[in-house]
Amino acid sequence: MPLAMFSLKDKVALVTGASQGIGRDTALALAEAGAKVAAAARNEEKLAALVKDIVAAGGEAFGV
């Protein structure tokens with residue numbers, strides 16, 4: 001992923017539409033680059049799964 005080439009450590013990213021598609025992929029890439037991810041979406045179940053995936057990979061995230 002291109003974002004992994006640089007660090008977003010100590011940065012916070014807000015991603016809307018994060019439960020699926022481009023929003024989900026963006027949230028995962030930002031977390032991989034070190035950002036703390038605030039993820040927003042309407043589908044609570046898919047949003048919770050995203051947050052769980054980010055945390056399991058060692059990142060920080062919360063759903064809104």
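Two strands are counted as paired if DSSP finds at least two bridges between them. Helices (H or I, at least four residues) and strands (E, at least two) are DSSP runs, numbered from the N terminus. The model on display is predicted, so local features need pLDDT of at least 70 and side-chain atom pairs count only at pLDDT 80 or more, whereas totals for chains, interfaces and linings use all residues. Residues are numbered from 1 along each chain as its sequence is written, and side-chain values use heavy atoms, with hydrogens and water left out.

**The sheet**

Begin by selecting the strands. There are 3 of them in an open sheet, ordered β1-β2-β3, and their pairing is parallel. Colour β1 (12-16) and β3 (60-63) as the edge strands, since each pairs on one side only. Direction ignored, neighbouring strands of this sheet are turned by 20° against each other on average. Axes here are lines fitted to C-alpha atoms, for helices over the stretch in contact, and angles run from 0 to 180 degrees between N-to-C directions.

Next, display β1 together with β2 (residues 36-40). The two run parallel and are joined by 5 bridges. V15 stands opposite A39 in β2, and the bridge partner of A13 in β2 is V37.

Show the side chains of β1.

Select V12, which is found in strand β1. V12 is exposed, with a relative accessible area of 63%. Its C-alpha atom and that of A39, 27 residues apart along the chain, are separated by 10 Å. Then move to β2, which is mostly covered: 4 of its 5 residues are buried.

Step back to D10, in the segment before β1. D10 is not a glycine, although its phi is positive, at about 70°. Most residues other than glycine have a negative phi. D10 counts as exposed, at 63% relative accessibility.

Now go to S19, in the loop between β1 and α1. Is S19 buried or exposed? S19 is buried, with a relative accessible area of 11%. Leaving aside its neighbours within four places in sequence, S19 is in contact (heavy atoms within 4.5 Å) with R24, A41, N43, K46 and L47.

The crossing of α1 and α2 is right-handed, which is to say that the near helix is turned clockwise from the far one by less than a right angle.

Which residues of α1 meet α2? R24, A27, L28 and A31 in α1 meet K46, A49, L50, D53 and I54 in α2. By class, this contact of α1 with α2 has 6 nonpolar, no polar and 3 charged residues. Ala, Val, Leu, Ile, Met, Phe, Trp, Tyr, Cys and Pro count as nonpolar, Asp, Glu, Lys and Arg as charged, and the others, Gly among them, as polar.

Centre the view on A29 in helix α1. A29 is buried, with a relative accessible area of 9%. The C-alpha atoms of A29 and I54, 25 residues apart along the chain, are separated by 9.6 Å.

**Last stop: β3**

Finally, select E60, found in strand β3. At 49% relative accessibility, E60 counts as partly exposed. Apart from its neighbours within four places in sequence, E60 is in contact with A35, K36, V37 and I54. The C-alpha atoms of E60 and A35, 25 residues apart along the chain, are separated by 7.6 Å.

Definitions and conventions. Buried < 20%, exposed > 50% of the residue type's maximum accessible area, 1.4 Å probe, protein only.
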